[in-house]
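Dear colleague,

Please find the structure below, handed over for your files. My notes on it follow directly after.

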Amino acid sequence: MKGRVNVALLVGAVLVALVGLAAVVSFFWTPHDPTLVDAARKLREPGGGYLLGADKFGRDTFSQLMVGARTTLYVGIVAVGIAAVLGVPLGMVAGMTPRGWLSELIMRVNDLVFAFPALLLAVMLGAVYGAGTLTAMIAIGVATVPAFARVTRAATLQVMVTDYILAARAAGRRRPAIAVRHVLPNISSMLIVQASVSFAIAILAEAALSFLGFGTRPPTPSWGRMLQESQELLFSTPRLALWPGLAIALAVLGFNLLGDGLRDYLDPRLRRIREQAEPPANGATR
Amino acid sequence: MLSVDGLTVRADSAELVHQVSFAIAPGERVGLIGESGSGKSLTALSLMGLLPEGVTASGTARLGERDLVGVPESRIKDLRGRELSMVFQEPMTALNPLMRIGAQVAEVMTLHGRSSPEARARALDLLGRVRLPDPEQIFRAYPHQLSGGQRQRVMLAIALANEPRLLICDEPTTALDVTVQKQMLELIAEVAPALLFITHDLAVVASVCERVLVMYGGRVVESGPIREVFTRPRHRYTEGLLAASKLTPRGTRLPTIQGNVPPAGHFPDGCVFRNRCPQATTACEQVPALTGDGHAHACWHPAD
Amino acid sequence: MTLYLLKRLAVLVASTAVAAVVVFAFMGLLPGDPAEIALGVNATPEAVAELRRQFGTDRAPVVQFLDWFGGLLHGDFGTSYVTSSPIGPQISDRLAVTTVLVVGGMIVALLVAVPLGTFAAVHHRNPLGALISAASQIGIAVPAFLAGILLVFVFAVQAQALPSGGYVPIAENPAEWLRGLLLPWLSLGLVQGAVLTRYVRSAVLDVMREDYLRTARAKGRGSTGALWRHGLRNASIPVVTVLGLQLATLLIGAVVVERVFVIPGLGDLLLNGVAGRDLLLVQGVVMVLVAAVLLINFVVDVAYHLLDPRLR
């Protein structure tokens, strides 16, 4: 397996970098003002400075896509951040005291939160406080906590039985010190992978929420709402649905591939197991 | 009855078994010994047509009139489990965890044409024949409720169900407790029609088989009656193997064969053993042929 | 097994009750006084108090909760503060539509994933198997509502073969009912099928390496026969777990897809409730959806135990 390029990692990194680049550049420059409504450019065909044309309000599609990337990343970063900040410590506590009442309580609450998907949380928050980017981010973040807590707990359980942890405990190190110095560094690669996969799910959730009107509010451009606005024009101007749809799919694909690629790259133990499982030529010899 | 001629097994470019030839007569019990990596399991699997993906066999192997090697699976699968059966090394994973033992034993009979009620009745019978206690209960049990030794007996019952002409056992007792090993060996010796017994354990071969093939580096380096091979080994590898397994007086060093078995595909040209052989000379750069009637060896500097 | 079932049932009941408390606290208490909201800022205190008495919101929160939760147990979701119509019947009508949508989507997903995933596993060494894996990776990246829009574009706009939306009750016209549901089923099913394909592939791949499959071949089965008889049921055990998670995802996906295809299901009711600020209705629908997710998890856990004799 020497010299084999990690295709997933490469493609994923390129796609994610593209989304990131679009978002960063959009702060300084977009071809046009993405929120500028201009009846004269209504449904303008692509070309002449309007690379992908304009929508029914005359807003430049390409500029909207660029700023939409910013929205997507913003929601994703905050949501995954919330999930990690809450989920990782909870998972570590549950994993380091697997038989304690606290661990039991954490996992039960976790199961309960798991029954509230992001969309339901967003609708509940939206119904009470009014929907917006903030409620969407909180809803997606909270709904992602169980995934983080579970992965963290599973990884912590594995690390806790290793010799160096046993040695540290035998040496009388206190639990918080062990957690920070030994457990966290050893589960970090697993967490990075989880963050990447959760990011993809967050993008999907944000798009769905914006599509339903529970996400980013107008006039801030968002891919999901671009899709929703384009739906009525599907018969006449399908390209308006094409570009945001493609943007969502490629961004999600990028983060998923990045997660898969990182899993192979960061966890050589896992990769070795995989190689053994794919019986190599001489694997049958006993 | 079984005749193997020029059997060669390769994976991609690496040759894992080279030009192996031997025969087994009806009722004969033959041992195949060698260290791990010697190609003995691959030899057995190629007879069964069960080589892993990407590994292919060439040469000829015949069971009676039927070809076993180089024919599509559809043409030999009716032989498997009927004329030719195999018991594997690892009993813990060889049975389907979701199926009751009785159904798994009966399956091999219904597959080859017996009616279902008949197969079930006979399955119960077989479980008793392999000396499992309380066959009725075992019949209804799932694999996880049985010990390793019991599961291996079930595997033996499956192998014997259609009264095959040849039974192949691949290290059938290696995974078992020492106390269970002996009973299992006695049972195999008692019930096997003709036997090809694969092991790395010389004592086991001596207790079960009449004739032995010694494999090293994918080749048969010595073959002959057990008594002769074990008392007067000719090939230097066999000699080393025997010396290493002898009970030595306390305090003396156990003689070992120097070096390690190279990974597949990395054996030297000529005599495959020459890089570990204390007697090796330039003559050994040529491949020695397996010569001799009855007791044959492939060595330029045989022991006498 | 019976003990496990009872334990698991107790967990189901307890978590449903706790979920009800959460939903009630969040939707029933937080948003403020429904009577004030209904009457507006210019209402007299007497009128508000009178309406409160009618709504029953003048009672202690615990009493209100028990009243609401007690009602749920026999299908009474209360009466809308906004439309004054009972909520229960609306929910049950819409639940039937959503159930049809979700079950159909799941069937499509299984029809896609089981053959493709198995095929990709069996042929994991050749290009076609790799192609299926790559295609499923792309399918995962497409949200259900986007798949819906794409399918509408292909089958309704371009081919003009199927309606772009709308729902005809089965009692009215079975053929139109079916035609109207085809695209929603495909939108939900293809996307979930893509996700599921990956799991089926890895489950079958794991099973193919099992010793008992070699045993089955040693008995005289061909490799395909061995996989059918001994492999697929073993492979189904990990897949069932994923299937449960997927059903929950499908349920939520249905909310969005109903919006794309204008189907009067629970999602549509939920979003209308939010738009009309009918919080008691929203509260009821959210509770039903959460209970459904919990119930699905319960069924999956039990199925898991039934499938695997080692757990019995």
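In chain C, the UniProt annotation "domain: ABC transmembrane type-1", from an unreviewed entry, covers residues 95–300; UniProt positions are given in the numbering used here, feature names are shortened, and annotations may be inferred rather than shown by experiment. Over residues 95–300 of chain C the chain is 83% helix and 0% strand, with the end C-alpha atoms 20 Å apart. Helices (H or I, at least four residues) and strands (E, at least two) are DSSP runs, numbered from the N terminus.

The model is a predicted one, in which local features need pLDDT of at least 70 and side-chain atom pairs count only at pLDDT 80 or more, while totals for chains, interfaces and linings use all residues. Residues are numbered from 1 along each chain as its sequence is written, and chains are lettered from A and ligands numbered from 1 in the order in which they are written.

The unreviewed UniProt entry also places the feature "transmembrane region" on chain C, at residues 9–30, 95–122, 134–157, 177–200, 237–261 and 281–307. Residues 134–157 of chain C are 88% helix and 0% strand, and their end C-alpha atoms are 28 Å apart. For residues 281–307 of chain C the figures are 100% helix and 0% strand, with 39 Å between the end C-alpha atoms.

The domain assignment divides chain C into domain 1 (14–76) and domain 2 (88–311); such bounds come from an automatic or database domain assignment. The centres of domain 1 and domain 2 of chain C, taken over C-alpha atoms, are separated by 36 Å. Between them, 12 residues of domain 1 of chain C are in contact with nine residues of domain 2 of chain C, contact being C-beta atoms, placed from the backbone, within 7 Å. On the side of domain 1 of chain C that touches domain 2 of chain C, helix α1 (residues 2–29) of chain C gives the most, with seven residues. By class, that side of domain 1 of chain C has seven nonpolar, four polar and one charged residues. Here Ala, Val, Leu, Ile, Met, Phe, Trp, Tyr, Cys and Pro count as nonpolar, Asp, Glu, Lys and Arg as charged, and the others, Gly among them, as polar.

Chain C also meets chain A: 30 residues of chain A are in contact with 35 residues of chain C. On the side of chain A that touches chain C, at least two residues each are supplied by α3 (101–114), α4 (118–129), α7 (175–212), α8 (223–231) and α9 (239–266) of chain A. That side of chain A has 25 nonpolar, four polar and one charged residues.

For chain A, UniProt (unreviewed entry) lists a "transmembrane region" at several stretches, including residues 134–151 and 240–262. Residues 134–151 of chain A are 100% helix and 0% strand, with end C-alpha atoms 26 Å apart. Residues 240–262 of chain A are likewise 100% helix and 0% strand, with end C-alpha atoms 34 Å apart.

Chain B has 10 helices and 11 strands. Seven strands form an open sheet of mixed pairing, in the order β6-β7-β8-β3-β9-β10-β11 (chain B); two strands pair if DSSP finds at least two bridges between them. Because β6 (84–87) and β11 (296–297) of chain B stand at the edges with a single partner strand each, one side of each is left without a neighbour in the sheet. β6(B) runs parallel to strand β7 (residues 166–170) of chain B, and four bridges join them.

Yours sincerely

Definitions and conventions. Contact = placed C-beta atoms within 7 Å.
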